[in-house]
Amino acid sequence: MSEIKSLSYFVVQTRSLESWRRYAEDVLGMMTADGPSGELYIKMDERPFRILIEEGSSDVYQASGWELASEADFSSMLERLDKKGVTYELGSTQLCESRGVQAVAQVVDPVGNRHELTWGHISDCLPFASPQGVPRFVTGNMGLGHTVLPAVDFDTCLEFYCDVLGFRHSDIFNFRPDPAAPPTRIHFMHCGNARHHSLAIAEYDVPSKCVHVMVEVENMTEVGRAHDRREAHNVPLSATLGQHLNDRMTSFYMKTPSGFDLEYGCGGLQVDWDQHSVFEFSRVSIWGHDFGVGQRGDS
Ligand SMILES: [Fe+2]
């Protein structure tokens, strides 16, 4: 079965390209450049971009870009979409140029999350040189990180991601703020690489259409330096420093200019999937990760 290799990029719509340019360079420590159609490219490795910002009338997470290994895999993914009765739209030449790929197919999940399936990225392989001295982000064949998407119609979405797009479970979390009420489900999923999860879906909605995205640096020093930059630029903290139980990532969460959160961390688990069994974990973090900090506004 053809499989998605990795999360290769994500697309955001914003009312202010400039706010994202400043956030990317000053806080994230990434490079920026103008794209071919007036979009903003945010670069974090040797590829021309991993985050693509488009100017528009609202601030919202627009789409997740997923890479397939070859044209043959891309074609068999489209065949599977046809077979499952899922409609998609092949991208125009202009869209392919913007995304820097040979071909792109746009598909929407049952609750409106947009995805772009691609193959054959185009790269000048220019080195990454962080304006903040970040040595490197952990990307390569594991993709840029992970994305967590809202999925109110949870069972239908689960079927779409597992049976249609071919994601497989890493582990599951049933959030129980009220023990008497049914849990809120968050399922973590992997694709064709060792990263613990490239996608998670959460059984609730968020106005920004993304719960959070994660980028990974090499060590705690770089997480701490990013935390200092966040403070220096008055970017609101969404969760304090902590370590997740499932992917072992040590990270903090902060707001992006488009309203969703970004997790900046290190030490994420890389898994040998042949040795892995899916399990349910009953607490989000081993230590830290106080998500109340954003609500209290005491960051
Ligand atoms: Fe995360």
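Good morning, colleagues. Please bear in mind throughout that this is a predicted model.

I begin with the overall division. To the contact between them, domain 1 contributes 30 residues and domain 2 contributes 37 residues.

Which elements of domain 1 give two or more residues to the side that touches domain 2? They are strand E1 (4-14), helix H1 (17-28), strand E5 (60-68) and helix H2 (71-83). Of these, E1 gives the most, with nine residues. Sorted by class, this side of domain 1 holds 15 nonpolar residues, eight polar residues and seven charged residues.

I turn now to the sheet. Eight strands make up an open sheet with mixed pairing, and their order is E2-E3-E4-E1-E5-E8-E7-E6. At its edges are strand E2 (31-34) and strand E6 (89-90), each of which pairs on one side only.

E1 and E5, both named already for the contact with domain 2, pair with each other in the antiparallel sense over eight bridges. Within E5, Trp66 is the residue that stands opposite Leu7.

Finally, the helices. H1 lies across E1, E2, strand E3 (40-43) and strand E4 (51-55), and its direction makes an angle of about 10 degrees with E3. H2, in turn, lies across E5, strand E7 (103-108) and strand E8 (114-119), running at about 145 degrees to E8.

Thank you for your attention.

Conventions: Residues are numbered from 1 along each chain as its sequence is written. This is a predicted model: local features need pLDDT of at least 70, side-chain atom pairs count only at pLDDT 80 or more; totals for chains, interfaces and linings use all residues. Two residues are in contact if their C-beta atoms, placed from the backbone, lie within 7 Å. Helices (H or I, at least four residues) and strands (E, at least two) are DSSP runs, numbered from the N terminus. Ala, Val, Leu, Ile, Met, Phe, Trp, Tyr, Cys and Pro count as nonpolar, Asp, Glu, Lys and Arg as charged, and the others, Gly among them, as polar. Two strands pair if DSSP finds at least two bridges between them. Axes are lines fitted to C-alpha atoms, for helices over the stretch in contact, and angles run from 0 to 180 degrees between N-to-C directions.
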